[in-house]
Amino acid sequence: MNLVLSLTERCNLRCTYCYYKVSHEARSLVMMDDVMEAAIRLAFERTLKLGQRFLNITFFGGEPLLCMGAIRKGVDFAKNLVRERLGESEFRLRFAVNTNGTLLDDSVVEFLERENFRIYLSLDGHEAHHDVCRKQVGGAGSFKLIEPHIPALRRLDTVVLSVVTRENMGSLSDAVRWIQSQGFRNMTTAVDFDGKWTGEEFDVLAREYTKLAGFWVELKKNKVPFYLGTVQDKLKFRLTGARHRLTSCHVAEGIVACAANGNLFPCTRFISSKKDAPYVMGNVFDDPAQIWNGAVARDILDFFNRDKEDCVGCALRFRCHAHECACTSFYSTGSIHGVSPEVCTHEQMLAAICDDAVCDNAFFDKALGEN
């Protein structure tokens with residue numbers, strides 16, 4: 001199971017596409033220690049109840065490195081909790097952090113490395129591409145704050161997360177090539193779906209995706225290790241017949257997200273401390289039975305158990321974010337059961353480009369089998 005702790009709504013950046021700029025409007029709330037401990041305890045007990053032997057705790061925000069003291073406390077609390085309950089068992093406890101990378105220093109890097117953290121870095125690409133959208137509070141770009149830490153981040157096998165917008169899409173393929181050239185081995189991209197993409201803009205994005213797919217094939221043929229989820233996931237689901245919803249999403253069943261005020265949500269995109277926030281499963285101090293069996297949990301179960309009516313019969317639905325991803329559905333339509341025409345168009349375009357890029361089935365099978 002994966003517990004996501006939104007330690008703070010504060011952030012030292014003001015990215016133009018940040019999806020929390022509404023739900024975290026005040027950008028001031030910070031999670032108290034008792035909330036964090038209750039969330040960890042709740043997720044640990046849920047993990048055991050489900051018969052799982054693995055708990056991953058992801059520190060999230062805002063910018064979580066603004067709360068390094070809380071991260072250190074959370075790691076110690078979780079390790080002590082597992083030790084007290086299970087002793088020296090085969091239970092696996094892992095940690096991760098989603099960060100913009102601007103607040104790293106030697107002591108933070110040393111801690112993350114010692115505790116074997118998985119680092120997810122928000123980095124859009126080279127300076128000209130990155131600074132278009134990822135800006136500091138005063139409006140200056142943030143790339144120069146990240147650049148000194150790239151060697152350490154590369155050494156720690158960091159996963160790069162890049163956002164695609166209409167403002168930076170024209171240099172997407174160059175940006176991905178640059179990220180790979182820096183020695184990063186894992187990355188994916190996500191589109192800022194805001195309901196305003198035009199056909200002409202999708203044409204530009206399609207050209208960039210075609211370059212990306214060709215780049216991925218080039219790397220694989222030359223045996224260069226690089227996981228580009230944008231292309232590779234679409235091909236993997238086609239090859240294996242697996243569903244994104246069951247292997248990558250796990251909303252509410254394999255993941256629970258805790259807002260800074262202790263409210264629980266099915267996944268990261270839902271997090272909000274607002275009183276009227278939708279999809280609140282409960283609070284960390286509530287009866288666990290009510291959290292895991294309440295109305296939101298039942299709605300999530302319904303999401304898992306049936307196809308969306310708009311997608312019935314679509315051959316792409318099991319590898320399509322419009323159909324399979326609860327987070328994408330929620331932020332693009334307001335409901336986990338909604339289907340955004342914008343996302344649907346994008347997913348059909350991307351799947352077709354990825355499929356066309358792979359003509360040699362033998363190579364296709366081997367390339368995906370190596371990752």
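Predicted model: local features only at pLDDT ≥ 70, side-chain atom pairs only at ≥ 80, totals over all residues.
Local features need pLDDT of at least 70 and side-chain atom pairs count only at pLDDT 80 or more, while totals for chains, interfaces and linings use all residues. Residues are numbered from 1 along each chain as its sequence is written, and side-chain values use heavy atoms, with hydrogens and water left out.

View 1. Helices (H or I, at least four residues) and strands (E, at least two) are DSSP runs, numbered from the N terminus.

**View 2. E4 and its partners, E3 and E5.** Strands pair if DSSP finds at least two bridges between them. E3 (residues 92-99) runs parallel to E4, with four bridges joining them; here Val97 has Ile119 as its bridge partner. E4 also pairs in the parallel sense with E5 (residues 159-164), over three bridges, and there Ser122 sits opposite Leu161.

View 3. Thr102 counts as buried because its relative accessibility is 9%, and buried means under 20% relative accessible area (1.4 Å probe, protein chains only). Beyond its neighbours within four places in sequence, Thr102 is in contact (heavy atoms within 4.5 Å) with Asn12, Leu13, Ser142, Leu145 and Ile146.

Definitions and conventions. Buried < 20%, exposed > 50% of the residue type's maximum accessible area, 1.4 Å probe, protein only.
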